[in-house]
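Take a moment to look over the chain below. We will walk through it piece by piece, from strands to cores to charged pairs.

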Amino acid sequence: MNTNINANRATLLISCPERPGIISTVSNFLLEHKANIVHFDQHTTDPLAGIFFMRIEFDMNHFDESFSKLKEDLPEMAREYSMEWKLSGKGERKRMAIFVSKMDHCLLELLWRWKSKELEVDIPLVISNHPDMREVVEGFGIPYHHVPITPDTKAEAEQKSVELLDGKVDFIVLARYMQILSPSFISKFPNRIINIHHSFLPAFVGANPYARAFNRGVKLIGATAHYVTNDLDEGPIIEQDVQRVNHRHTAQDLKIAGRHVERQVLAQAVAWHVENKVIVHGNKTIVF
C-alpha cells in the first residue's frame with residue numbers, strides 16, 4: 001500500500017513495441033524535466049520483437065510547473081516509439097464506486113481499508129440491487145443507492161446506474177455483485193471494472209459451488225480478481241490466491257475459507273489498480 005509518499009511524486013506507465021534505446025530515452029526525458037526516478041520496473045515479452053512495458057515513479061521539485069511541462073512534451077516522445085502511456089500526478093486520487101448485492105465480506109474489507117487510509121481512494125457511492133447493506137454503508141458516511149433489478153427492468157436499472165456514476169467515478173469494483181453486466185455498460189468502463197469470484201470455475205458453475213466442491217473433496221479453495229469483459233469471468237486476471245483445505249472442512253467451512261480468500265484477493269487487486277501498477281495487454285495483465 002502507498003503510505004507516506006512524497007507529495008511531489010508521479011507515476012508513468014508505458015507499453016510499446018520492443019526496440020533498443022527505450023530505457024535510455026525515457027530516463028533522459030525525465031532527467032531533462034528535472035525528475036528524480038525513485039522506482040523503476042520493466043518487462044519485455046520478447047527482447048527481439050516483443051512488447052515492452054515500463055512503470056516509473058519519480059519525484060519533481062516545483063511540481064506544478066515541471067509536471068505540466070513534462071505532460072506537454074510526453075506525446076512527442078510517445079509518438080516516436082509508438083507508446084501507449086498513462087501519467088498520474090500528485091493529488092490525483094481515484095474515485096471508486098462499489099457494486100454489491102447481499103454478501104458483505106468483500107464490501108466491508110474495502111470499506112475498512114478505505115477508512116484506515118490503507119486504500120487511498122475516494123468512494124462517492126455504493127450501488128446495490130438489494131437494500132440490505134444500506135445501514136452499513138451509510139454508517140461510513142457514503143451514499144447508498146438501491147437500484148432493484150428484474151429480468152424485465154435490467155436495461156432501465158443499468159441506465160439508472162450509469163446516471164448515478166456519470167462524472168463521479170474512475171472505476172468500479174464488483175464486491176460480490178450478483179448480476180451480469182451488459183456489453184453496453186462494460187463498454188463505458190473498459191478495463192475499469194474489477195470483479196471477484198471463487199476459483200472453482202469452470203468446474204462448479206452456478207449455485208452452491210461450495211456444497212458441490214465439498215462433495216468432490218476439493219483440497220484447495222481459491223479466488224480470482226479480474227477486469228470485466230464481455231466474456232463472463234474470463235477477463236484479464238489481476239490477482240489470485242488459494243487456501244489449502246482437507247477432509248475435516250465442512251461445506252460451511254469451505255464457504256468461510258472462500259470468503260477470507262476473496263476479500264484479500266479483491267482488496268489486493270484494487271490496491272494495485274489504485275497504485276497504477278497494472279497494465280492490460282490483450283487478455284493478460286502486467287502487474288509491477
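Begin with strand β10, residues 193-198. Six of its six residues are buried, so the strand is mostly covered. Buried here means under 20% relative accessible area, exposed means over 50%, and partly exposed lies in between (1.4 Å probe, protein chains only). Helices (H or I, at least four residues) and strands (E, at least two) are DSSP runs, numbered from the N terminus. From β10, I193, N195 and H197 point one way. I194, I196 and H198 point the other way. All of them are buried.

A word on the model itself: it is predicted, local features need pLDDT of at least 70, side-chain atom pairs count only at pLDDT 80 or more, and totals for chains, interfaces and linings use all residues. Residues are numbered from 1 along each chain as its sequence is written, and side-chain values use heavy atoms, with hydrogens and water left out.

Which strands pair with β10? One is β9, residues 171-174, which pairs with β10 in the parallel sense over three bridges. There, I172 stands opposite I193. The other is β11, residues 220-227, which runs antiparallel to β10 and is joined to it by five bridges. I194 faces Y227 across that pairing. Two strands count as paired if DSSP finds at least two bridges between them. Strands of a sheet pair through backbone hydrogen bonds, either parallel or antiparallel.

Now turn to an open sheet of four strands. Its order is β2-β3-β1-β4, and the pairing is antiparallel. Strands β2 (35-44) and β4 stand at the edges, each with a single partner strand, so one side of each is left without a neighbour in the sheet. From one strand to the next, the twist averages 10 degrees. Nine bridges link β1 (residues 9-17) and β3 (residues 51-60) in the antiparallel sense. In this pair, I14 stands opposite M54.

Helix α1 (residues 22-32) packs on it and touches β1, β2 and β3. The direction of α1 makes about 20 degrees with that of β3. Helix α2 (residues 63-80) lies across β1, β3 and β4, and runs at about 175 degrees to β4. Contact means heavy atoms within 4.5 Å. Axes are lines fitted to C-alpha atoms, for helices over the stretch in contact, and angles run from 0 to 180 degrees between N-to-C directions.

Is S88 buried or exposed? S88 is buried, with a relative accessible area of 9%. Its side chain joins that of N276 in a polar contact of 3.3 Å. A polar contact is a pair of N or O atoms within 3.5 Å; within protein, one must be able to donate a hydrogen and the other to accept it, and residues adjacent in sequence count only if both atoms are side-chain atoms. Not counting residues up to four places away in sequence, S88 touches A10, T11, F67 and N276.

Next, the cores. In soluble globular proteins, nonpolar side chains tend to be buried together. A nonpolar core is a set of buried Ala, Val, Leu, Ile, Met, Phe, Trp, Tyr and Cys residues joined through side-chain atoms within 4.5 Å. The largest has 34 residues, and M96, I98, L266 and V270 have the most contacts inside it. Elements β5 (94-100), α3 (105-115), β9, β10, β11 and α8 (251-274) each supply at least two of its residues. Helix α8 gives the most, with eight residues. Apart from this core lies another, of 23 residues, among them I14, I56, A78 and M83.

Finally, the charged pairs. The structure holds 12 salt bridges. A salt bridge is a side-chain nitrogen of Lys or Arg within 4 Å of a carboxyl oxygen of Asp or Glu. In one of them, R93 meets E120, with the closest N and O atoms 2.6 Å apart. R93 lies in the loop between β4 and β5 and E120 in the loop between α3 and β6 (121-122), so the pair ties together parts that are 27 residues apart in sequence. R93 is partly exposed at 37% relative accessibility, and E120 is partly exposed at 32%. K277 and E275 form another salt bridge (3.3 Å, N to O), and both are buried. Salt bridges that share partners also join R9, R55, E57 and D59 into one network.
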